[in-house]
Amino acid sequence: MTGAEEIILRPSRGISLVRWKELWQYRELFYFLVWRDIKIRYKQTFLGTLWALIRPLMGMIVFTLIFNKLIGFSVEGVPYLLFTFCGVVAWNFFAEGVSGASQSLLSNANLISKVYFPRVIIPAAAILSGLVDFAIAFILAVVLMVYFQFAPSITILFLPFFILLTIVTSLGIGFLFSSISVQYRDIAHALPYIIQVMFWITPVGYAANKIPGELQILYWCNPIVCVIEGFRWSMLHSGEMPLHLVGISVSVALALFILGLVNFLRMERKFADVI
Amino acid sequence: METVIDIKNLSKRYRIGSLRRHTSFRDLFDEKLRELTRFSKRNIRNDESTIWALKDVSFSVEQGEVLGIIGRNGAGKSTLLKILSRITEPTDGVVRLRGRIASLLEVGTGFSGELTGRENIFLNGAILGMKKKEIQEKFDEIVAFSEVEKFLDTPLKRYSSGMHMRLAFAVAAHLEPEILLIDEVLAVGDIQFQRKCISKMDQIGSSGRTILFVSHTMSLIRQLCKRAILLHQGSVAASGDVDAVISRYEDIGIEQQSSEWTNDDERDKKEAIWIQKIAIEDTAGVQKRSFLNSDDIIVRFTVQVNDPHPYLKVGFDLLKDGTPVFRTQQTDYPNQIPLDKPGVYDVKCRIPQHLLNAGEYTITPLLSAHLIKSFMHRFEPILKFEVTIDASLSDYYSVLSRQNHPGVVFPSLRWDIESR
């Protein structure tokens with residue numbers, strides 16, 4: 001017993017910081033929660049994991065029909081199918097991460113009111129469990145690239161950076177929405193619309209350079225613009241990645257992340273009392 | 001001896017109003033609207049009041065101690081455990097803990113119906129704070145304890161509630177924290193499994209670990225703990241030797257002067273069934289607190305049924321010195337009219353003469369709806385009556401009047417004497 005660490009519980013005041021050491025101690029629970037989310041995602045569905053393929057494919061087909069065939073968007077040097085598929089894969093990873101994370105605290109309410117652990121791991125697990133779907137869709141993208149005989153260039157090395165940017169952005173928004181939803185259930189109702197609006201201000205079916213030049217800076221304040229453009233740039237070498245615009249997106253993503261996290265840690269103390 | 005839990009001036013305040021009021025922005029809007037259309041003077045803001053679930057609680061626990069925590073519903077027991085297990089923060093005060101703490105506030109936390117028994121053991125273990133290696137090492141032991149070997153690879157949602165519970169307790173019982181918080185986990189399950197759990201807890205307690213044990217079952221508290229703490233309205237009302245604390249507990253809240261108890265809990269009125277009143281009477285309908293063993297005793301419930309259900313049961317536990325004498329329910333007696341229409345019913349139980357021995361008895365009412373798992377309302381002991389031996393009955397009794405028979409019951413048994 002000697003040497004056992006003393007834990008002091010008292011009312012906390014002011015801004016809470018991330019307790020990294022504690023987070024590290026709970027890493028196994030984090031793995032288990034990710035594992036559980038992956039395991040039960042497609043339980044009791046007829047098509048099972050096939051859904052991870054069907055959804056991006058359906059998205060690709062719909063956008064090709066609407067944007068390419070109906071409106072007549074096309075992209076130079078890249079088959080439109082491939083172009084939009086990259087966008088859909090990145091978008092789905094983001095959108096599903098955000099909506100999963102935003103509802104994660106409520107769907108794990110019984111954990112929160114019964115056991116202690118750093119709450120941040122719940123929305124984080126919800127986002128990271130989406131990596132499996134993402135990986136499956138990514139393999140499909142590679143298959144499509146082979147089919148279209150499209151060779152990737154050296155820029156593919158930057159892909160992990162854009163995946164990381166997606167995760168950071170989703171975490172920021174996920175932290176923010178999930179912590180608010182504990183107190184205000186409105187988030188659950190507003191979420192589909194928020195995601196829909198975000199979809200339209202994100203270049204999933206078109207290229208970012210369709211936006212007039214004077215609006216570009218404002219446009220790139222949406223970090224997902226950078227994510228989608230970045231995915232295409234690194235995988236298909238399509239479009240350009242102006243550094244100052246990337247900088248704006250990354251700064252906004254980091255700001256969102258910090259804002260979301262600080263708010264989360266502040267509200268965390270009351271979760272069990274209000275949920 | 002080392003102090004492992006040190007609690008100083010611990011307080012916790014809850015805002016009652018905010019829970020219901022702010023679940024969505026619309027509620028806020030709705031309420032303003034209602035306020036406008038409401039004629040009564042009663043201002044909604046009165047609801048904004050706060051309650052102190054815990055107020056200035058201080059005590060400490062030594063290493064290896066098994067401490068019982070008792071108190072009526074709403075006394076603050078669960079809040080205390082919630083603070084100790086770090087689920088919620090105190091409003092004031094300090095707690096110092098030494099060692100790994102684990103709580104069984106409810107076993108089976110985080111169980112997922114879609115996962116198999118095997119998978120749930122790992123998930124639940126991780127949630128309760130076990131390392132993966134630790135779970136692997138104890139896996140066989142956990143499975144053996146739970147008695148669900150055959151269903152390990154079946155999804156949990158196909159389990160019976162008994163199997164579910166056994167698996168949950170099996171995982172929890174194999175935790176090895178230095179401090180264990182237990183809240184009424186033994187309330188469910190069959191007798192045999194309950195015994196197994198109790199002996200496991202006894203074993204944990206004797207292995208030098210510290211246990212805080214919350215229960216309404218005094219016989220269990222007595223069996224497992226040497227020392228107990230009584231919480232009443234958020235404060236420590238008594239602390240020390242377990243028997244002394246339990247007898248204090250039994251006095252709190254009992255109608256000391258009255259032979260009638262009226263339920264004034266507003267929350268109960270919305271239930272499917274609720275007890276308005278309980279009275280103890282003699283056969284002539286006169287309320288009394290003191291009876292002779294030659295009297296019949298009538299326990300009369302006034303019950304209001306709001307939401308009829310064919311299996312509603314009304315009953316009570318009769319206790320003497322905290323030990324159950326018997327439990328009885330109206331359905332134990334054949335050919336009762338069912339409580340299947342809304343309305344108010346008089347439900348009477350007759351405790352026959354020559355059954356109870358001399359002494360003080362308490363009544364703990366029970367309400368349950370069979371087959372509705374979630375509905376089982378157990379009250380606290382609320383009424384007390386006294387039985388004395390009727391000295392006028394025979395010559396033998398008058399001799400005995402100053403010297404009671406041992407035993408809980410004093411039946412009038414037939415003896416035959418024949419000369420041969």
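This is a predicted model: local features need pLDDT of at least 70, side-chain atom pairs count only at pLDDT 80 or more; totals for chains, interfaces and linings use all residues.

Visitor: By class, how many residues in the contact of α2(A) with α4(B) are charged?

Guide: Glu, Lys and Arg count as charged, whereas Leu, Phe, Ala and Ile count as nonpolar. On that basis the contact of α2(A) with α4(B) has six nonpolar residues and no polar ones, and the charged residues number four.

Visitor: Which strand of chain B has five of its five residues buried?

Guide: A residue is buried if 20 or more other C-beta atoms lie within 10 Å of its own. B:Thr210, B:Leu212 and B:Val214 point one way from the strand, B:Ile211 and B:Phe213 point the other way, and all are buried. Because five of the five residues at 210–214 are buried, the strand is largely enclosed by the rest of the structure; it is β7 of chain B.

Visitor: Which residue of β7(B) is the bridge partner of B:Ile182?

Guide: Strand β6 of chain B, residues 179–183, runs parallel to β7(B), and five bridges join them. In β7(B), the partner of B:Ile182 is B:Phe213.

Visitor: Which residue of β7(B) does B:Ile69 stand opposite?

Guide: Strand β3 of chain B, residues 66–70, also pairs with β7(B), in the parallel sense and over four bridges. Within β7(B), the residue opposite B:Ile69 is B:Val214.

Visitor: What is the radius of gyration of chain A, and what would a compact globule have?

Guide: The C-alpha trace of chain A spans about 70 × 45 × 40 Å along its principal axes. A compact globule with 275 residues would have a radius of gyration near 19 Å, so chain A agrees with that value, at 20 Å.

Visitor: How many helices does chain A have?

Guide: Read along the sequence, the pattern of chain A begins with β and continues with α elements. The secondary structure comes to one strand, and the helices number 13.

Conventions:
Residues are numbered from 1 along each chain as its sequence is written. Chains are lettered from A and ligands numbered from 1 in the order in which they are written. A residue is buried if 20 or more other C-beta atoms lie within 10 Å of its own, exposed if 12 or fewer, and partly exposed in between; C-beta atoms are placed from the backbone. Helices (H or I, at least four residues) and strands (E, at least two) are DSSP runs, numbered from the N terminus. Two strands pair if DSSP finds at least two bridges between them. The radius of gyration is taken over C-alpha atoms; the globule rule is 2.2 Å times the number of residues to the power 0.38.
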